[in-house]
Amino acid sequence: MQPFVLDARLAEDSVSILKLGLCDIRLAKDSRWPWLILVPQRADVSEVFDLTPLDQAMLTFEQVTVGTALKAVTGADKINIAAIGNIVRQLHVHVVARTEDDPNWPKPIWGYGTSVPYEPAAFDAMKTRILEALQ
């Protein structure tokens, strides 16, 4: 069995803030949207149906848990959850807080504009708020 290795693009675009039972929870570096990425720590998985039934159930539970925490932290109008993976084939799930006044509401965030990195203090504050909401 191959070991789990994180895709280089996911590693570049996000920072691990917590590991749950299945997923590495990563905070995207783009400050335009509060944006978490769940990466199941399983090798050679590109689709949800590639996971075992137990892992599929765990992924659903972790998506709901993370989405609920992100909504509580941000007061978002909508939490978008998607596993797209056209560019990064490794299975990962985006959990994005959207508000009606965000930069591209109501259109998708993918491919819109240029990423705006967090200031270090703002990144740390967002990370702390999310971690507190997950406890």
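This is a predicted model: local features need pLDDT of at least 70, side-chain atom pairs count only at pLDDT 80 or more; totals for chains, interfaces and linings use all residues.
Biologist: Why is Asp24 called buried?

Modeller: Buried means under 20% relative accessible area, exposed means over 50%, and partly exposed lies in between (1.4 Å probe, protein chains only). The value for Asp24 is 3%, so the residue counts as buried.

Biologist: Where is Asp24 found, and which residues is it in contact with?

Modeller: Asp24 belongs to strand S2, residues 23-28. Strands (E, at least two residues) and helices (H or I, at least four) are DSSP runs, numbered from the N terminus. Contact means heavy atoms within 4.5 Å. Leaving aside neighbours within four places in sequence, Asp24 is in contact with residues including Ser16, Ile37 and Leu38.

Biologist: Which polar contacts does the side chain of Ser14 have?

Modeller: A polar atom of the Ser14 side chain lies 2.6 Å from the backbone oxygen of Leu10. The side chain of Ser14 is also joined to that of Arg26 by a polar contact of 2.7 Å. Ser14 is found in strand S1, residues 14-19.

Biologist: How do you know whether Ser14 is buried or exposed?

Modeller: The relative accessible area of Ser14 is 1%, so Ser14 is buried.

Biologist: What places Leu38 among the buried or the exposed residues?

Modeller: Leu38, in strand S3, has 0% relative accessibility and therefore counts as buried. Not counting residues up to four places away in sequence, Leu38 touches Cys23, Asp24 and Ile25, among others.

Biologist: Why is Asp44 called exposed?

Modeller: Its relative accessible area is 67%, so Asp44 is exposed. Asp44 sits in the loop between strand S3 (35-40) and helix H2 (53-74).

Biologist: What makes the phi of Asp44 worth noting?

Modeller: Most residues other than glycine have a negative phi, and most peptide bonds are trans. Asp44 is not a glycine, yet has a positive phi of about 55°. The peptide bond from Trp105 to Pro106 is cis, with omega near -5°. Pro106 lies in the loop between strand S5 (93-98) and helix H3 (120-134).

Biologist: How do you know whether the radius of gyration of the protein chain agrees with that of a compact globule?

Modeller: The radius of gyration is taken over C-alpha atoms, and the globule rule is 2.2 Å times the number of residues to the power 0.38. For 135 residues a compact globule would have a value near 14 Å; the protein chain has 14 Å, so the two agree. The protein chain has three helices and five strands, in the order α-β-β-β-α-β-β-α from the N terminus on.

Conventions:
Residues are numbered from 1 along each chain as its sequence is written. Side-chain values use heavy atoms; hydrogens and water are left out. A polar contact is a pair of N or O atoms within 3.5 Å; within protein, one must be able to donate a hydrogen and the other to accept it, and residues adjacent in sequence count only if both atoms are side-chain atoms.
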